[in-house]
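The exercises below are meant to be worked with the sequence and the three-dimensional model side by side. Try each task before reading its solution.

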Amino acid sequence: MTRKPLLSRFFAFTLAASFAAGLVAQPALAQESAPPKKEQGETDPPKFPERPDIPINKPLSEYTGDEPIPEAPHPGEQRELYNYWRAHVAKIKAAQRQREMALAPKLTFIDGTERKLGKIYDHQKQTITYRFRNDGGSPLEVQGVIPSCGCTVSNFVGRSYEPGEEGEIVVEFDPSNRTGQQFKYVSVRSTDPLYGEKRLRFSAEVEQLITIEPPFITEPRLVKGKPMETMVWVYGRTDDFEASLKPDTNPRWLTIEKKETELRTWMGEERRATRFEIKVSPDIPMGRNSVNLVVSTNDKRAGTPNLPMVVGVVGDLAYRPLRINFGTFTIGEEVERTFDVFSRSQSDFEIREVQVVGTLRDSFLGYDVAPSMEGSKNSYRITVRFNKNSVGNLQGNMLIKTNVADQPEVRVPYLGYTKGRPFDTGGEGGGIKPIVAPKRGGSGG
């Protein structure tokens, strides 16, 4: 008698067990659960029709929004029917939203929200009117108007508007001191649920009656004792144009001389222009000097524009670098830095003393002064030494005392930071001891 292989017997046993399990489980699959009992008065929701010929073909305009939403078909077993149901429900909800929006307030601008003013001169104030209406089904509250800049204003006062009632918003645009293309707007706030804020826009191309070239005069670093001269042209738009230029105060250091008036081309256009020569005398005070030059013309349409002028006067003595940067160093560490003081006009001068003010005042060890180049008396290299014994920011000035009458002192700023040293170990009995910086005395130069 031959025995079957062990593997064949295992497959046969597995097949028989699977068949037996199927026979046992078959009656359980055939069982059906009983439907749940309904409470008294409870009804089933309306079911979607098996042949949805009407709902899917019914246009949205025929929906009222009051239609009941039927029970949804099973999306897996009745996929096509489920898609019809979704379209039907979407139209019901859309009709509900339409009805709600028809009853809400609606802000409508009758002539639109955009205006183009075209070319205007800078003396011509513009008035723009925007007419609106409440096209909704309930009162509309127009709360106010917010301009985009100071050149645009509106005196509109907010109030409520009944359905069908009209109103207007008046905006005034002042193009003074402006030139070229201008794009402005005002924002209108209301209770319109769709557009709580609407922008009313307008544009204009502004041309100046009076053009000043350059539009301002500035010289930030005029060296004391040096004169300054510049030229200004004032352009007009009349055939007999003439202009004058005067300061609004009476500075002794300023002289204005009117020259010729002639035809000149400006931005591709021939215009009459008056030329002025402006001179700044060498005795202008140190520091910032400012004045407004007032332009007057024979064009009655134009106002009196201003030409700002700012002149910053610095001394003949200068320094480099612009500040002394100590960076970060450790307390107790001796630090040395160098900088140069020189004459812009290459005039001879002397350095008499170096002083320190600020956070490094008590840490100043001394200084050395030497010519930047051998034999030079108009440029010096200064070396300063410090030993800071406390932690913190460094800020202050080096005061360089000189023999120059107009500039007896030059202030050189400094900055930096000192940090603490790490704790040291050792000594008798071990332990931890801080490193203490030795005291140093100061020296003169």
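This is a predicted model: local features need pLDDT of at least 70, side-chain atom pairs count only at pLDDT 80 or more; totals for chains, interfaces and linings use all residues.

**Exercise 1. A helix and its length**

Next, list the residues of H3 that are buried. They are Leu81, Tyr82, Trp85, His88, Val89, Ile92, Ala94 and Ala95. When reading such a list, recall that an α-helix has 3.6 residues a turn, so residues three or four places apart point the same way.

**Exercise 2. The surroundings of an aspartate**

Decide whether Asp340 is buried or exposed, and find the residues that it touches.

Solution. Begin with the location: Asp340 belongs to strand E20, which covers residues 334-343. Its relative accessibility is 8%, and because buried means under 20%, Asp340 counts as buried.

Now look for contacts, setting aside residues up to four places away in sequence: Asp340 touches Ala318, Tyr319, Arg320, Ser372, Tyr380 and Arg381. With Arg381, the side chain of Asp340 also makes a polar contact of 2.9 Å.

**Exercise 3. Two open sheets**

Work out the strand order of the open sheet that contains E12 and E15, and then that of the open sheet that contains E19 and E25.

Solution. In the sheet with E12 and E15, 4 strands follow the order E10-E12-E15-E14, and their pairing is antiparallel. Strand E10 (211-213) and strand E14 (254-266) are the edges, since each pairs on one side only. From one strand to the next, the twist averages 20°. Within this sheet, strand E12 (residues 228-235) and strand E15 (residues 269-280) run antiparallel and are joined by 8 bridges; Trp233 has Arg275 of E15 as its bridge partner.

The other sheet also has 4 strands, in the order E19-E25-E24-E21, but here the pairing is mixed. Strand E19 (324-330) and strand E21 (351-358) form its edges, each pairing on one side only. Neighbouring strands are turned by 25° against each other on average, direction ignored. A parallel pairing is found between E19 and strand E25 (residues 409-419), over 5 bridges, and in E25 the bridge partner of Thr330 is Lys419.

**Exercise 4. The nonpolar cores**

Which residues of the largest nonpolar core touch the most other members?

Solution. Among its 25 residues, Ile217, Val234, Leu254, Ile278, Val280, Leu293 and Met309 touch the most other members. At least two residues each are supplied by strand E11 (217-223), E12, strand E13 (243-247), E15, strand E16 (287-297) and strand E17 (306-314). E17 gives the largest share, 4 residues.

**Exercise 5. The whole protein**

How many helices and strands does the protein have, and what percentage of its residues count as buried?

Solution. The protein has 3 helices and 27 strands, and 33% of its 445 residues count as buried. Finally, of the contacts with a separation of 6 or more, 67% are between residues 24 or more positions apart.

Note on methods
Residues are numbered from 1 along each chain as its sequence is written. Side-chain values use heavy atoms; hydrogens and water are left out. Buried means under 20% relative accessible area, exposed over 50%, partly exposed in between (1.4 Å probe, protein chains only). A polar contact is a pair of N or O atoms within 3.5 Å; within protein, one must be able to donate a hydrogen and the other to accept it, and residues adjacent in sequence count only if both atoms are side-chain atoms. Contact means heavy atoms within 4.5 Å. Two strands pair if DSSP finds at least two bridges between them. Axes are lines fitted to C-alpha atoms, for helices over the stretch in contact, and angles run from 0 to 180 degrees between N-to-C directions. A nonpolar core is a set of buried Ala, Val, Leu, Ile, Met, Phe, Trp, Tyr and Cys residues joined through side-chain atoms within 4.5 Å.
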